[in-house]
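Dear colleague,

I am passing on to you the structure we discussed, and below it I have set out what was found when its atoms were examined. Please read the notes with the structure open beside you.

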Amino acid sequence: MGELLWIFVSALLINNFTLAYFLGICPFLGVSGRLETALRLGLANIFVMLITAVCAWGLNTFILPYAPYLRLISFIIVIASTVQFVEMAVKKLSPELFKALGIFLPLITTNCAILGLALFSTNKGYGLLEGLVYALGAGGGVTLALVLLASIREETELMDIPKLIKGVALNLIIAGILSMAFMGFAGLFSAG
Amino acid sequence: MNKPIETSRTAEEFLKGLWRENPVFVAVLGMCPVLAVTNTAINSLAMGLATLFVLIFSSLLVSTFRNVIPKQVRITAFIIIIATFVTVVDFALAALAPDIHKELGAFIALIVVNCLILGRQEAFASKNPIGLALADATGMGLGFVFALFCLGALREILGSGTLFNFPLFGEGFEPWVIMILPPGGFFTLGFLLLFINWLQNRRQKQQTASMN
(Lines give C-alpha, C1' and ligand atoms only; values in the text may rest on other atoms or scores of the structure.)
Protein backbone atom coordinates (compact mmCIF):
# COMPACT_ATOMS: atom_id res chain seq x y z
CA MET A 1 0.00 0.00 0.00
CA GLY A 2 2.78 2.37 0.99
CA GLU A 3 4.57 1.77 -2.27
CA LEU A 4 1.45 2.49 -4.32
CA LEU A 5 0.96 5.76 -2.45
CA TRP A 6 4.58 6.64 -3.10
CA ILE A 7 4.17 5.96 -6.84
CA PHE A 8 1.07 8.16 -6.90
CA VAL A 9 2.54 11.13 -5.03
CA SER A 10 5.81 10.91 -6.90
CA ALA A 11 4.07 11.08 -10.28
CA LEU A 12 1.63 13.75 -9.10
CA LEU A 13 4.01 16.24 -7.51
CA ILE A 14 7.69 15.38 -7.46
CA ASN A 15 8.19 14.07 -10.97
CA ASN A 16 5.29 16.04 -12.41
CA PHE A 17 4.99 15.09 -16.09
CA THR A 18 4.55 18.63 -17.32
CA LEU A 19 6.76 20.65 -15.01
CA ALA A 20 9.64 18.24 -14.42
CA TYR A 21 9.67 15.97 -17.49
CA PHE A 22 8.33 18.49 -20.03
CA LEU A 23 5.81 16.05 -21.47
CA GLY A 24 2.63 17.39 -23.00
CA ILE A 25 3.97 20.91 -23.32
CA CYS A 26 2.11 21.66 -26.56
CA PRO A 27 -1.41 21.50 -25.05
CA PHE A 28 0.02 22.97 -21.84
CA LEU A 29 0.91 26.17 -23.70
CA GLY A 30 -1.84 26.03 -26.30
CA VAL A 31 -5.03 25.22 -24.40
CA SER A 32 -4.34 26.80 -21.03
CA GLY A 33 -6.03 30.09 -21.89
CA ARG A 34 -9.26 29.34 -20.03
CA LEU A 35 -9.73 27.49 -16.78
CA GLU A 36 -12.70 25.40 -17.90
CA THR A 37 -11.06 24.08 -21.06
CA ALA A 38 -7.90 23.34 -19.15
CA LEU A 39 -9.83 21.28 -16.62
CA ARG A 40 -11.58 19.27 -19.34
CA LEU A 41 -8.33 18.65 -21.14
CA GLY A 42 -6.85 17.43 -17.88
CA LEU A 43 -9.76 15.05 -17.26
CA ALA A 44 -9.50 13.68 -20.80
CA ASN A 45 -5.79 13.21 -20.16
CA ILE A 46 -6.37 11.13 -17.02
CA PHE A 47 -8.92 9.06 -18.92
CA VAL A 48 -6.59 8.29 -21.85
CA MET A 49 -3.69 7.62 -19.52
CA LEU A 50 -5.65 4.96 -17.64
CA ILE A 51 -6.48 3.24 -20.93
CA THR A 52 -2.84 3.53 -21.98
CA ALA A 53 -1.65 1.91 -18.78
CA VAL A 54 -3.82 -1.14 -19.46
CA CYS A 55 -2.71 -1.32 -23.12
CA ALA A 56 0.97 -0.96 -22.22
CA TRP A 57 0.71 -3.67 -19.61
CA GLY A 58 -1.03 -6.02 -22.07
CA LEU A 59 1.53 -5.42 -24.79
CA ASN A 60 4.46 -5.79 -22.40
CA THR A 61 3.21 -9.07 -20.99
CA PHE A 62 1.85 -10.83 -24.04
CA ILE A 63 3.50 -9.54 -27.19
CA LEU A 64 6.71 -7.61 -26.69
CA PRO A 65 8.79 -10.41 -25.12
CA TYR A 66 8.67 -12.01 -28.58
CA ALA A 67 9.39 -8.87 -30.63
CA PRO A 68 11.10 -6.13 -28.62
CA TYR A 69 11.87 -4.02 -31.70
CA LEU A 70 8.14 -3.49 -32.27
CA ARG A 71 7.77 -1.64 -28.97
CA LEU A 72 7.33 1.88 -30.30
CA ILE A 73 5.18 1.03 -33.29
CA SER A 74 2.87 -1.29 -31.37
CA PHE A 75 2.51 1.16 -28.47
CA ILE A 76 1.45 4.02 -30.66
CA ILE A 77 -0.88 2.04 -32.89
CA VAL A 78 -2.58 0.13 -30.10
CA ILE A 79 -3.02 3.24 -27.98
CA ALA A 80 -4.37 5.33 -30.86
CA SER A 81 -6.84 2.70 -32.00
CA THR A 82 -8.01 1.86 -28.49
CA VAL A 83 -8.67 5.50 -27.75
CA GLN A 84 -10.58 5.80 -31.00
CA PHE A 85 -12.65 2.77 -30.06
CA VAL A 86 -13.30 4.00 -26.55
CA GLU A 87 -14.31 7.36 -27.95
CA MET A 88 -17.00 5.69 -30.06
CA ALA A 89 -18.16 3.65 -27.08
CA VAL A 90 -18.35 6.67 -24.80
CA LYS A 91 -20.28 8.58 -27.43
CA LYS A 92 -22.85 5.80 -27.54
CA LEU A 93 -23.06 5.01 -23.84
CA SER A 94 -22.64 8.36 -22.12
CA PRO A 95 -23.19 11.43 -24.29
CA GLU A 96 -22.62 13.72 -21.26
CA LEU A 97 -19.13 12.40 -20.66
CA PHE A 98 -18.42 12.58 -24.38
CA LYS A 99 -19.53 16.20 -24.45
CA ALA A 100 -17.37 17.04 -21.44
CA LEU A 101 -14.24 15.54 -22.99
CA GLY A 102 -15.09 16.72 -26.49
CA ILE A 103 -12.47 17.23 -29.16
CA PHE A 104 -9.63 16.69 -26.67
CA LEU A 105 -10.04 12.94 -26.56
CA PRO A 106 -8.68 12.19 -30.06
CA LEU A 107 -6.15 15.03 -29.89
CA ILE A 108 -4.57 13.73 -26.72
CA THR A 109 -3.68 10.41 -28.31
CA THR A 110 -0.67 11.89 -30.07
CA ASN A 111 0.36 13.83 -26.98
CA CYS A 112 3.85 12.96 -25.83
CA ALA A 113 2.67 12.54 -22.24
CA ILE A 114 0.70 9.44 -23.26
CA LEU A 115 3.53 7.67 -25.04
CA GLY A 116 5.87 8.90 -22.30
CA LEU A 117 3.68 7.26 -19.68
CA ALA A 118 3.76 3.94 -21.53
CA LEU A 119 7.54 4.08 -21.96
CA PHE A 120 8.32 5.17 -18.41
CA SER A 121 6.12 2.57 -16.80
CA THR A 122 7.74 -0.07 -19.02
CA ASN A 123 11.22 1.11 -18.01
CA LYS A 124 10.26 0.98 -14.36
CA GLY A 125 8.81 -2.51 -14.74
CA TYR A 126 5.40 -1.71 -13.26
CA GLY A 127 2.68 -4.36 -13.12
CA LEU A 128 -0.99 -3.69 -13.92
CA LEU A 129 -2.01 -2.18 -10.58
CA GLU A 130 1.16 -0.12 -10.20
CA GLY A 131 0.78 1.06 -13.80
CA LEU A 132 -2.78 2.21 -13.16
CA VAL A 133 -1.79 4.11 -10.02
CA TYR A 134 1.13 5.65 -11.89
CA ALA A 135 -1.23 6.72 -14.69
CA LEU A 136 -3.63 8.26 -12.20
CA GLY A 137 -0.82 10.20 -10.55
CA ALA A 138 0.69 11.36 -13.82
CA GLY A 139 -2.69 12.39 -15.22
CA GLY A 140 -3.52 14.20 -12.01
CA GLY A 141 -0.18 15.98 -12.19
CA VAL A 142 -0.80 17.12 -15.77
CA THR A 143 -4.27 18.34 -14.77
CA LEU A 144 -2.86 20.18 -11.77
CA ALA A 145 -0.23 21.94 -13.88
CA LEU A 146 -2.80 22.86 -16.56
CA VAL A 147 -5.28 24.26 -14.05
CA LEU A 148 -2.59 26.25 -12.24
CA LEU A 149 -1.24 27.79 -15.44
CA ALA A 150 -4.73 28.52 -16.74
CA SER A 151 -5.73 30.29 -13.52
CA ILE A 152 -2.59 32.44 -13.59
CA ARG A 153 -3.10 33.23 -17.26
CA GLU A 154 -6.67 34.33 -16.67
CA GLU A 155 -5.36 36.76 -14.08
CA THR A 156 -2.66 38.14 -16.37
CA GLU A 157 -5.25 39.00 -19.03
CA LEU A 158 -6.32 41.98 -16.96
CA MET A 159 -2.85 43.16 -16.06
CA ASP A 160 -0.90 45.86 -17.79
CA ILE A 161 1.90 43.84 -19.38
CA PRO A 162 4.36 45.13 -22.01
CA LYS A 163 3.19 44.04 -25.45
CA LEU A 164 6.55 42.50 -26.25
CA ILE A 165 6.41 39.80 -23.59
CA LYS A 166 2.76 38.80 -24.08
CA GLY A 167 2.06 35.36 -25.50
CA VAL A 168 4.31 32.33 -25.43
CA ALA A 169 7.27 34.08 -23.80
CA LEU A 170 5.22 35.11 -20.78
CA ASN A 171 3.62 31.68 -20.47
CA LEU A 172 7.01 29.99 -20.50
CA ILE A 173 8.32 32.25 -17.77
CA ILE A 174 5.21 31.62 -15.64
CA ALA A 175 5.69 27.89 -16.24
CA GLY A 176 9.32 28.24 -15.14
CA ILE A 177 8.27 29.81 -11.85
CA LEU A 178 5.64 27.07 -11.35
CA SER A 179 8.26 24.45 -12.07
CA MET A 180 10.57 26.04 -9.51
CA ALA A 181 7.77 25.90 -6.94
CA PHE A 182 7.20 22.22 -7.68
CA MET A 183 10.89 21.50 -7.08
CA GLY A 184 10.12 22.17 -3.43
CA PHE A 185 8.15 18.92 -3.31
CA ALA A 186 11.38 16.97 -3.81
CA GLY A 187 12.02 17.18 -0.07
CA LEU A 188 8.57 15.84 0.77
CA PHE A 189 9.49 12.24 1.49
CA SER A 190 13.13 12.22 2.51
CA ALA A 191 12.17 14.40 5.47
CA GLY A 192 9.39 12.08 6.68
CA MET B 1 13.84 28.88 -68.36
CA ASN B 2 12.32 26.38 -65.99
CA LYS B 3 15.53 25.41 -64.29
CA PRO B 4 16.47 28.58 -62.34
CA ILE B 5 12.93 28.87 -60.97
CA GLU B 6 13.06 25.26 -59.76
CA THR B 7 16.39 25.84 -58.06
CA SER B 8 15.32 29.02 -56.37
CA ARG B 9 12.13 27.34 -55.13
CA THR B 10 14.19 24.51 -53.63
CA ALA B 11 16.56 27.00 -52.01
CA GLU B 12 13.59 28.94 -50.68
CA GLU B 13 12.04 25.84 -49.09
CA PHE B 14 15.40 24.99 -47.57
CA LEU B 15 16.14 28.45 -46.18
CA LYS B 16 12.75 29.19 -44.63
CA GLY B 17 13.20 26.58 -41.92
CA LEU B 18 16.50 28.00 -40.73
CA TRP B 19 15.24 31.32 -39.47
CA ARG B 20 12.08 32.86 -40.92
CA GLU B 21 9.84 29.87 -40.10
CA ASN B 22 12.13 28.29 -37.54
CA PRO B 23 10.18 25.41 -35.98
CA VAL B 24 11.16 26.29 -32.41
CA PHE B 25 11.51 30.06 -32.27
CA VAL B 26 8.70 31.05 -34.62
CA ALA B 27 6.26 28.13 -34.86
CA VAL B 28 6.89 26.87 -31.27
CA LEU B 29 6.61 23.20 -32.27
CA GLY B 30 8.15 20.11 -30.76
CA MET B 31 8.57 21.65 -27.33
CA CYS B 32 9.05 18.49 -25.27
CA PRO B 33 12.57 17.60 -26.46
CA VAL B 34 13.46 21.28 -26.74
CA LEU B 35 13.03 21.73 -23.03
CA ALA B 36 13.76 18.28 -21.69
CA VAL B 37 17.17 17.36 -23.07
CA THR B 38 18.86 20.73 -23.56
CA ASN B 39 20.74 20.77 -20.26
CA THR B 40 24.08 20.29 -22.04
CA ALA B 41 25.31 21.20 -25.50
CA ILE B 42 26.22 17.60 -26.37
CA ASN B 43 22.82 16.19 -25.40
CA SER B 44 20.96 18.83 -27.36
CA LEU B 45 23.14 18.31 -30.42
CA ALA B 46 22.55 14.55 -30.29
CA MET B 47 18.81 15.06 -29.92
CA GLY B 48 18.77 17.58 -32.78
CA LEU B 49 20.69 15.28 -35.12
CA ALA B 50 18.47 12.30 -34.26
CA THR B 51 15.40 14.39 -35.06
CA LEU B 52 17.01 15.66 -38.28
CA PHE B 53 17.66 12.09 -39.40
CA VAL B 54 14.10 10.96 -38.68
CA LEU B 55 12.62 14.05 -40.34
CA ILE B 56 14.65 13.69 -43.56
CA PHE B 57 14.02 10.00 -44.05
CA SER B 58 10.32 10.12 -43.15
CA SER B 59 9.83 13.05 -45.51
CA LEU B 60 11.56 11.17 -48.32
CA LEU B 61 9.42 8.09 -47.79
CA VAL B 62 6.16 9.99 -47.36
CA SER B 63 6.87 12.06 -50.45
CA THR B 64 7.68 8.95 -52.48
CA PHE B 65 4.42 7.26 -51.51
CA ARG B 66 2.29 10.39 -51.46
CA ASN B 67 0.06 9.20 -54.31
CA VAL B 68 -0.31 5.67 -52.94
CA ILE B 69 -1.31 6.35 -49.33
CA PRO B 70 -5.12 6.63 -49.05
CA LYS B 71 -6.23 9.95 -47.63
CA GLN B 72 -8.31 8.46 -44.81
CA VAL B 73 -5.46 6.58 -43.15
CA ARG B 74 -2.65 8.99 -43.97
CA ILE B 75 -1.94 10.08 -40.39
CA THR B 76 -1.63 6.47 -39.25
CA ALA B 77 0.64 5.74 -42.20
CA PHE B 78 2.84 8.74 -41.36
CA ILE B 79 3.09 7.67 -37.73
CA ILE B 80 4.12 4.14 -38.68
CA ILE B 81 6.81 5.49 -41.03
CA ILE B 82 8.08 7.88 -38.37
CA ALA B 83 8.04 5.20 -35.66
CA THR B 84 10.09 2.91 -37.89
CA PHE B 85 12.86 5.47 -38.33
CA VAL B 86 12.79 6.37 -34.65
CA THR B 87 13.29 2.71 -33.80
CA VAL B 88 16.30 2.71 -36.15
CA VAL B 89 17.78 5.77 -34.41
CA ASP B 90 17.06 4.31 -30.99
CA PHE B 91 18.93 1.09 -31.70
CA ALA B 92 21.75 2.84 -33.60
CA LEU B 93 22.40 5.24 -30.71
CA ALA B 94 22.25 2.43 -28.17
CA ALA B 95 24.96 0.63 -30.13
CA LEU B 96 27.17 3.56 -31.16
CA ALA B 97 26.90 5.99 -28.25
CA PRO B 98 25.55 4.17 -25.18
CA ASP B 99 26.37 7.09 -22.84
CA ILE B 100 24.30 9.59 -24.78
CA HIS B 101 21.53 7.03 -25.25
CA LYS B 102 21.40 6.59 -21.49
CA GLU B 103 21.27 10.34 -20.85
CA LEU B 104 18.49 10.95 -23.36
CA GLY B 105 16.56 7.90 -22.18
CA ALA B 106 12.95 7.70 -23.26
CA PHE B 107 13.17 11.03 -25.08
CA ILE B 108 14.69 9.36 -28.15
CA ALA B 109 11.59 7.17 -28.39
CA LEU B 110 9.44 10.24 -27.87
CA ILE B 111 10.65 11.70 -31.20
CA VAL B 112 7.69 9.73 -32.60
CA VAL B 113 5.24 12.20 -31.14
CA ASN B 114 7.28 15.31 -31.95
CA CYS B 115 4.61 17.45 -33.60
CA LEU B 116 7.24 19.09 -35.80
CA ILE B 117 7.84 15.86 -37.72
CA LEU B 118 4.19 14.88 -38.16
CA GLY B 119 3.42 18.50 -39.00
CA ARG B 120 5.94 18.60 -41.86
CA GLN B 121 4.62 15.32 -43.29
CA GLU B 122 1.06 16.57 -43.24
CA ALA B 123 1.75 20.12 -44.39
CA PHE B 124 4.54 19.57 -46.89
CA ALA B 125 5.97 16.14 -47.73
CA SER B 126 2.60 14.59 -48.55
CA LYS B 127 1.89 17.29 -51.14
CA ASN B 128 5.24 17.93 -52.81
CA PRO B 129 7.76 16.05 -54.98
CA ILE B 130 10.79 14.38 -53.43
CA GLY B 131 13.32 17.15 -54.13
CA LEU B 132 11.28 19.88 -52.48
CA ALA B 133 10.36 17.60 -49.57
CA LEU B 134 14.05 16.87 -49.00
CA ALA B 135 14.90 20.58 -49.04
CA ASP B 136 12.08 21.40 -46.65
CA ALA B 137 12.94 18.58 -44.25
CA THR B 138 16.65 19.45 -44.22
CA GLY B 139 15.95 23.13 -43.65
CA MET B 140 13.43 22.56 -40.89
CA GLY B 141 15.64 19.89 -39.30
CA LEU B 142 18.70 22.13 -39.32
CA GLY B 143 16.61 24.96 -37.90
CA PHE B 144 15.59 22.61 -35.10
CA VAL B 145 19.22 21.56 -34.49
CA PHE B 146 20.24 25.23 -34.40
CA ALA B 147 17.52 26.13 -31.88
CA LEU B 148 18.30 23.14 -29.67
CA PHE B 149 21.99 23.95 -29.75
CA CYS B 150 21.36 27.60 -28.78
CA LEU B 151 19.35 26.49 -25.77
CA GLY B 152 21.72 23.69 -24.79
CA ALA B 153 24.83 25.85 -25.03
CA LEU B 154 23.23 28.73 -23.11
CA ARG B 155 22.00 26.46 -20.35
CA GLU B 156 25.31 24.62 -20.06
CA ILE B 157 27.32 27.86 -19.94
CA LEU B 158 25.09 29.41 -17.30
CA GLY B 159 24.32 26.27 -15.34
CA SER B 160 27.70 24.56 -15.14
CA GLY B 161 30.11 27.15 -16.54
CA THR B 162 31.27 24.78 -19.28
CA LEU B 163 30.74 24.25 -23.00
CA PHE B 164 31.13 20.71 -24.35
CA ASN B 165 32.56 19.93 -20.87
CA PHE B 166 35.40 22.47 -21.23
CA PRO B 167 35.44 24.89 -18.29
CA LEU B 168 35.04 28.46 -19.49
CA PHE B 169 35.31 30.75 -16.52
CA GLY B 170 38.01 29.33 -14.27
CA GLU B 171 37.87 28.54 -10.57
CA GLY B 172 35.93 31.52 -9.28
CA PHE B 173 32.72 30.77 -11.19
CA GLU B 174 29.71 29.84 -9.11
CA PRO B 175 27.43 27.66 -11.30
CA TRP B 176 23.86 28.82 -11.67
CA VAL B 177 22.45 25.37 -11.01
CA ILE B 178 18.80 26.23 -11.64
CA MET B 179 19.58 26.67 -15.36
CA ILE B 180 20.30 22.96 -15.89
CA LEU B 181 17.27 21.93 -13.82
CA PRO B 182 13.75 21.86 -15.33
CA PRO B 183 12.80 25.49 -14.49
CA GLY B 184 15.90 26.71 -16.35
CA GLY B 185 14.53 25.18 -19.56
CA PHE B 186 11.34 27.22 -19.30
CA PHE B 187 13.21 30.41 -18.39
CA THR B 188 15.84 30.13 -21.13
CA LEU B 189 13.30 29.47 -23.87
CA GLY B 190 11.02 32.20 -22.53
CA PHE B 191 13.78 34.81 -22.61
CA LEU B 192 15.05 33.64 -26.02
CA LEU B 193 11.52 34.06 -27.45
CA LEU B 194 11.33 37.47 -25.83
CA PHE B 195 14.62 38.43 -27.52
CA ILE B 196 13.34 37.23 -30.90
CA ASN B 197 10.09 39.15 -30.45
CA TRP B 198 12.16 42.24 -29.74
CA LEU B 199 14.28 41.69 -32.88
CA GLN B 200 11.20 41.30 -35.06
CA ASN B 201 9.51 44.28 -33.50
CA ARG B 202 12.57 46.42 -34.17
CA ARG B 203 12.76 45.28 -37.78
CA GLN B 204 9.09 46.09 -38.33
CA LYS B 205 9.58 49.54 -36.87
CA GLN B 206 12.53 50.15 -39.18
CA GLN B 207 10.49 49.04 -42.17
CA THR B 208 7.59 51.35 -41.36
CA ALA B 209 10.06 54.17 -40.71
CA SER B 210 11.75 53.70 -44.09
CA MET B 211 8.38 53.55 -45.83
CA ASN B 212 7.28 56.91 -44.47
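In which helix of chain A does Ser10(A) lie? Ser10(A) belongs to helix α1 (residues 2–14) of chain A, where helices (H or I, at least four residues) are DSSP runs numbered from the N terminus. Please keep in mind that this is a predicted model, in which local features need pLDDT of at least 70 and side-chain atom pairs count only at pLDDT 80 or more, while totals for chains, interfaces and linings use all residues. Residues are numbered from 1 along each chain as its sequence is written, chains are lettered from A and ligands numbered from 1 in the order in which they are written, and side-chain values use heavy atoms, with hydrogens and water left out.

Ser10(A) has a relative accessible area of 11% and is therefore buried (under 20% relative accessible area, with exposed over 50% and partly exposed in between, for a 1.4 Å probe and protein chains only). Apart from neighbours within four places in sequence, Ser10(A) is in contact with Asn15(A) and Asn16(A), contact meaning heavy atoms within 4.5 Å.

Over all chains, a search of the whole structure finds 14 aromatic pairs (rings of Phe, Tyr and Trp, the last by its six-membered ring, with centres within 6.5 Å; planes under 30 degrees apart are stacked, over 60 edge-to-face and the rest tilted). One of them is the edge-to-face pair of Phe17(A) and Tyr134(A), at 6.1 Å centre to centre and 70 degrees between the planes. This pair links distant parts of the chain, since Phe17(A) is in the loop between α1 and α2 (25–30) of chain A and Tyr134(A) is in helix α8 (residues 128–157), 117 residues apart.

Phe17(A) and Leu189(B) have the most contacts inside the largest nonpolar core, which has 116 residues (a set of buried Ala, Val, Leu, Ile, Met, Phe, Trp, Tyr and Cys residues joined through side-chain atoms within 4.5 Å). Helix α3 (residues 35–62) of chain A gives the most to this core, with ten residues. Not counting residues up to four places away in sequence, Leu189(B) touches Leu172(A) as well as residues of chain B, including Val24(B), Phe25(B) and Leu151(B).

Finally, the buried residues of α4(B) include Phe78(B), Phe85(B) and Leu93(B), and what covers the buried residues of this helix includes α4 (71–93) of chain A.

With best wishes

Key. Helices (H or I, at least four residues) and strands (E, at least two) are DSSP runs, numbered from the N terminus.
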